[in-house]
Amino acid sequence: MPPPAKQPNVRVVTLTIDGRDLSARADETIIEVCRENQIPIPSLCYLEGLSVWGACRLCLVELAGQGRLLAACSTRVTEGMQIQTNTEKLQRYRRTIVELLFAERNHVCSVCVSNGHCELQHMAQKCGVDHVRVPYRQASYPVDSSHEMFRLDHDRCILCTRCVRVCDEIEGAHTWDVMGRGSDCRVITDMAQPWGESDTCTSCGKCVQVCPTGALVKQGTSVGEMVKDQHFLPILARRRLAQ
Amino acid sequence: MSTSPKITVATTWLDGCSGCHMSFLDMDERLIELVQQVDIVYSPLVDTKTLPDHVDVGILEGSISSEDDLEKAHAFRKHCKILVSLGDCAVNGNVPAMRNHFKLADVVDHAYRDTVTVQPQIPTRGVPALLSVVKPIHGVVGVDVFVPGCPPSADAIWYVLSELIAGRTPDPSTVTRFGA
Ligand code: SF4
Ligand code: SF4
Ligand code: SF4
């Protein structure tokens with residue numbers, strides 16, 4: 001589902017974020033308000049222009065009077081909210097989440113095409129992940145190089161589903177989907193056929209550009225060469241909504 | 001010249017490419033400054049053959065891949081006050097751990113039989129037995145300071161050592177990352 005269009009006449013609410021008094025439209029989410037006000041909130045699955053998935057949980061925030069943490073990407077602002085975005089508890093949780101992502105698949109940054117241009121790697125450094133405290137899962141995953149232009153390496157996939165959403169919501173091809181459960185989840189093309197045999201893929205490359213890691217890359221790129229460009233996304237998303 | 005007592009440093013490489021030690025040497029002229037503050041008491045870079053009983057800082061490069069690596073890691077943990085895991089192989093297994101996805105026997109066969117044309121044979125004398133799973137250093141012993149990077153830059157190593165010499169706990173995330 002594409003993100004819902006903003007309503008023309010929406011109430012304005014007031015709230016505090018990290019002690020700052022702010023006002024926002026009642027149809028906005030916490031992460032949108034934070035981004036507008038230059039309050040940094042880490043995220044991996046959230047991408048402006050795509051629908052909200054709420055899977056990576058990196059954008060967790062604390063809300064006064066609430067015991068549980070809330071995902072800033074999927075929580076709308078309400079009147080009087082008091083939000084904390086960077087407490088010690090949140091930092092601890094975020095660090096653990098990033099470590100679990102590293103432990104789940106096989107990330108060998110030094111030989112990865114996205115080395116130096118990877119959102120997960122960047123997030124690890126930002127969250128102070130200098131090592132992974134849980135044992136590595138050591139599961140083996142295949143690589144799909146059947147597409148003539150692109151390659152899929154499940155070892156680097158963090159299941160953010162950005163590829164699934166951009167292909168469905170912006171390109172309109174819906175080549176991608178998710179198969180399996182829990183840590184056995186995998187992104188698939190069509191009915192789990194090799195990507196190169198896909199009838200639906202238009203080879204537009206949008207999925208490759210929005211993928212935050214080295215999971216989706218251009219064929220022929222070697223270590224550190226895969227640089228992604230996501231500037232097109234908010235522009236295309238706005239044009240889609242205007243249609 | 002500094003008048004404060006020198007700290008003792010021991011280093012060794014386990015399953016790695018020795019690139020982290022090369023990066024250490026990349027400190028160039030800063031090495032001279034360093035020698036005034038540290039004594040390298042054991043290292044592949046010096047002659048000493050035995051690890052002293054008490055070392056202030058132990059630095060391990062490479063992952064735990066063989067019986068020998070395991071022994072060295074335990075010895076370093078036992079004799080060093082502060083243990084530093086230097087480089088991606090030490091910190092997360094990195095390239096050596098890529099063999100974890102295959103059976104050890106298959107890996108050895110591939111390296112010593114399948115891809116060899118003259119006298120294919122598996123070495124048994126003078127080489128330590130390989131472990132079936134490659135682990136980062138902290139997978140077998142406790143580690144105090146983690147310095148990711150492949151290899152960590154000379155600047156990063158300099159920063160970490162300077163902080164340790166000054167008696168502070170370094171935060172390597174500010175100067176290096178996985179794959180750096
Ligand atoms: S995808 Fe990112 S985190 Fe994973 S190995 Fe590649 S550079 Fe490292
Ligand atoms: S290249 Fe385009 S059409 Fe093909 S899977 Fe990616 S986003 Fe979908
Ligand atoms: S392939 Fe990339 S974009 Fe798709 S789910 Fe995996 S990490 Fe996300």
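Q: The radius of gyration is taken over C-alpha atoms, and the globule rule is 2.2 Å times the number of residues to the power 0.38. What radius would a compact globule with 243 residues have, and what does chain A have?
A: The globule would have a radius of gyration near 18 Å; chain A has 19 Å, so the two agree. The C-alpha atoms of chain A fill a box of roughly 55 × 50 × 30 Å along the principal axes.

This is a predicted model: local features need pLDDT of at least 70, side-chain atom pairs need 80 or more, and totals for chains, interfaces and linings use all residues. Residues are numbered from 1 along each chain as written, chains are lettered from A and ligands numbered from 1 in written order, and side-chain values use heavy atoms, without hydrogens and water.

Q: What makes a residue buried, and what percentage of chain A is buried?
A: Buried means under 20% relative accessible area (1.4 Å probe, protein chains only). In chain A, 52% of the 243 residues are buried.

Q: What makes a set of residues a nonpolar core, and how many residues has the largest?
A: The members are buried Ala, Val, Leu, Ile, Met, Phe, Trp, Tyr and Cys residues, joined through side-chain atoms within 4.5 Å. The largest such core has 43 residues. A:Phe102 and B:Ile137 are among those with the most contacts inside it. A second, separate core has 27 residues, including A:Cys167.

Note on methods:
Buried means under 20% relative accessible area, exposed over 50%, partly exposed in between (1.4 Å probe, protein chains only).
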